[in-house]
Amino acid sequence: GVSGTALQKNVSVGNPTKVELTCKLDDNSKLKNPQVTWKRGNETISHSSKTQNSWTVQLTISDGSQLGSYSCILKGEVEVSATFHLQVPKIDGKERPIITYEGDLAVMVCKTEYAPMAWTWYRTNGTELVAINLSSHTNKFRIKRQSANVNRLEILKLTKKDIGVYWCEAAFRLGSSKRSFELRVLSILAPLKPFIAIVAEVVILVTTIALYEVYSKRKEEEGEREFDQIEQL
Amino acid sequence: EEPEAPEAPSAGKSRGGAAAAGGWAWGVVFHFFLVNVLVMGTLKTFGIFFVAFREEIGGSSEQLSWIGSIMSSLRFLGAPLVAVVCQRLGERPTSILGAGLVAGGCLLSTQATSIPFLCFSMGFLLGMGFACLYQAAAVMTAKRCRARLAFCNALARSGMGLTFLMAPFTQLLIEFYGWQGTLLIFGGIMLNLVPSSMLLWPASPRPPREPAENQDQGCSTAKKDPETPGGCSAGSTPREFQLRSAQEAPSTERLAMPHGRDVSGPANPSALGRPQKATPESSSSETSPEAKRSHKPLPATKKEPSQPLLDFSPLKDPVFFIFTWSFLFSHLAYFVPFFHLVARARTLGMSSRDGSYLIAVAGITEVLSQLLSGWLADHNWTKKYHLHVTYLLLCGATNLLGPLATTFPLLLAYTVAFAAFCGGFMALVLPVLVDLVGVEKLHSYLGFAAFFAGTAAMGGPPLAGWLYDYTQTYVCSFLFAGACALISPISFFFEPSAQKWKLKKANL
């Protein structure tokens, strides 16, 4: 097989830079002296260097249009290929919906591999994305920069109106990536209902057992009294 | 004629009482079962909360795992303290206290904002609550299920097998309500342990009139004072004194406290234990009618020194060391392979689905083998600890052969064998202790044994992790577990000589 790749590989590129992609053939592969072509889509690129078992191509990425999928194709008795996906860095964040309660605080954290130029947060309003403007909502939103590649949005004093989808966008020179978070706001009563139901059940059980105890105790006492009377006869 | 007439009704009463006592024994087993389900379930689902806490409250993994460590280690380390509380207050109040601590801890944790807060509310409160619940339930089971202790214990422990249901349930709750809502609901579920704790009826003292009537016929006054074992005339008292001197138990006759029925709790072990040991023909000792009578003020005819607050006598007893040595190593042998089973499967190239399948099979096999082992041990064909030793040796052998399992079928066979033998010896831990030391001192022995086992439980997982880091393979964990399982029964070979030593000391 082709070593060094799992036949697909993601390469994160944030800023304009020079990238070197290498396809290397395993020593024990069946292919001997294959024909190698580097392609991007349908376009062929000439490779810059070649050793006995590896073929390298050097790319200069200077703007976003040069990002994409580059593949090396080795033709011989069999055909093997590997693809490199050059993309802007992706954002890591929480996948699941964020569940919070009214009056509480919601936290959304976005993290990237490389530091972007700028971070922006949006809120979905219908189908549009509306940027969150700190100056107009000072008591509601707080954006904290934990480090260059970690950014954090805090939403205070949650109400039901804050339910929706929020986006964080990391802008790189070569493009931007986005991530969405779903915010759910529950009222405090939501978990309280099952809790009160369980407490009610517990109270019923406790009273039943206590009453049963008192009842059987009284019965025993009566039985005892009878028994004592029999003995004294 | 007169002695006969009272005897017949009393026999009838004790038979009715025996039936009631039998019914309540199942109640105690049910409570212990519930304790196992909830305690073990919470300990196991802590990992899910861990993830939720890390996302919302932040903090490093190490800090967060402290919460889990405190919770699981306090369950054992708090045992001696809980043993004292149990002996003072009785099992039922202690159990209710434990349930309250657990529920309170869960509820308090919903307000948590920082890790130290969670360490206290979730780690400390829950850990101590678990210790209370566990100790009270275990000792009560030992007191109630005399004849079939091993089977009852195994039945209660099978609750641990149900804990696999708690994980998806917790996951579901967290998806709906977030971790705060989930903890709130958990608090409510834990409150269910309060009514089930109420099933732990305090064991009633044996009516002293029975031995008295068997021997001494003229004591009609005894009926009015059921609490005085020697309250009948001189006939029974020498016998009681004889019994007392024959055993070196310093446990008190009764605590002269004007409390209600729960005082019979601490007094009972002694009253129960001695007649039980001396008169094997006695049938039911816990007759509920006698329990109801304790509302009468206890006559302080015999005021013995009350039991010391923290009874260190187990530490002077060689039998205790024998048991604790075995307990410690067998616990190490039990935990470590389970920890690393999935990881080992993964390194051998199996998917994590196969790994979880192995764990499921292990759980089911363990439950079944516990029940079988308990049922088998109750037949008393041989001393229980012989069975215990056999299981341990087989478990050790299985673990030593474990590294040979490199394919999925072999690993499955190893898992089944390991789980079967583990279930076997785990079910017998409590019955063996009861056999060795009897029921009246069970609290202090169990307390200290759990304390030492707790230190092992704390050190076990890190030790196993260190072994892996050092040797870069999981093979060593299995060899280590096998070695522990083989070391642990060694102490039982000294048991006969220890008993002889004790008897010699008692007769001096």
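How many residue pairs are in polar contact between chain B and chain A, both at pLDDT 80 or more? There are 4. A polar contact is a pair of N or O atoms within 3.5 Å; within protein, one must be able to donate a hydrogen and the other to accept it, and residues adjacent in sequence count only if both atoms are side-chain atoms.

This is a predicted model: local features need pLDDT of at least 70, side-chain atom pairs count only at pLDDT 80 or more, and totals for chains, interfaces and linings use all residues. Residues are numbered from 1 along each chain as its sequence is written, chains are lettered from A and ligands numbered from 1 in the order in which they are written, and side-chain values use heavy atoms, leaving out hydrogens and water.

**Stop 1: the interface**

Select chain B where it meets chain A. Here 38 residues of chain B are in contact (heavy atoms within 4.5 Å) with 32 residues of chain A. The two chains bury about 2,900 Å² between them, 62% of it on carbon and sulfur atoms. Buried area is the accessible area (1.4 Å probe) that two parts lose on being put together, summed over both.

Now pick B:R92 and A:E213. They form a salt bridge, with the closest N and O atoms 2.6 Å apart. The count between the chains is 2 salt bridges (a side-chain nitrogen of Lys or Arg within 4 Å of a carboxyl oxygen of Asp or Glu).

Next, colour α1 (4-56), α4 (91-109), α7 (166-191), α8 (193-197) and α12 (288-293) of chain B. Each gives two or more residues to the side that touches chain A. α7(B) gives the most, with 14 residues. Helices here are DSSP runs of H or I, at least four residues; strands are runs of E, at least two; both are numbered from the N terminus.

**Stop 2: a sheet in chain A**

Show β10-β12-β16-β15 of chain A. This is the order of an open sheet of 4 strands with antiparallel pairing. β10 (91-92) and β15 (141-147) stand at the edges with a single partner strand each, so one side of each has no neighbour in the sheet. Strands pair if DSSP finds at least two bridges between them; β12 (residues 106-112) and β16 (residues 150-155) of chain A have 6. Zoom in on A:M108, which stands opposite A:L153 in β16(A).

**Stop 3: confidence in chain B**

Colour by pLDDT, the predictor's confidence in each residue, from 0 to 100. Chain B has a mean of 72. Among its elements, α4(B) has the highest mean (89) and α11 (residues 264-278) the lowest (36). Residues 1-19 of chain B stay under 50, and residues 205-306 of chain B are below 50. Where pLDDT is low, the predicted coordinates should not be read in detail.
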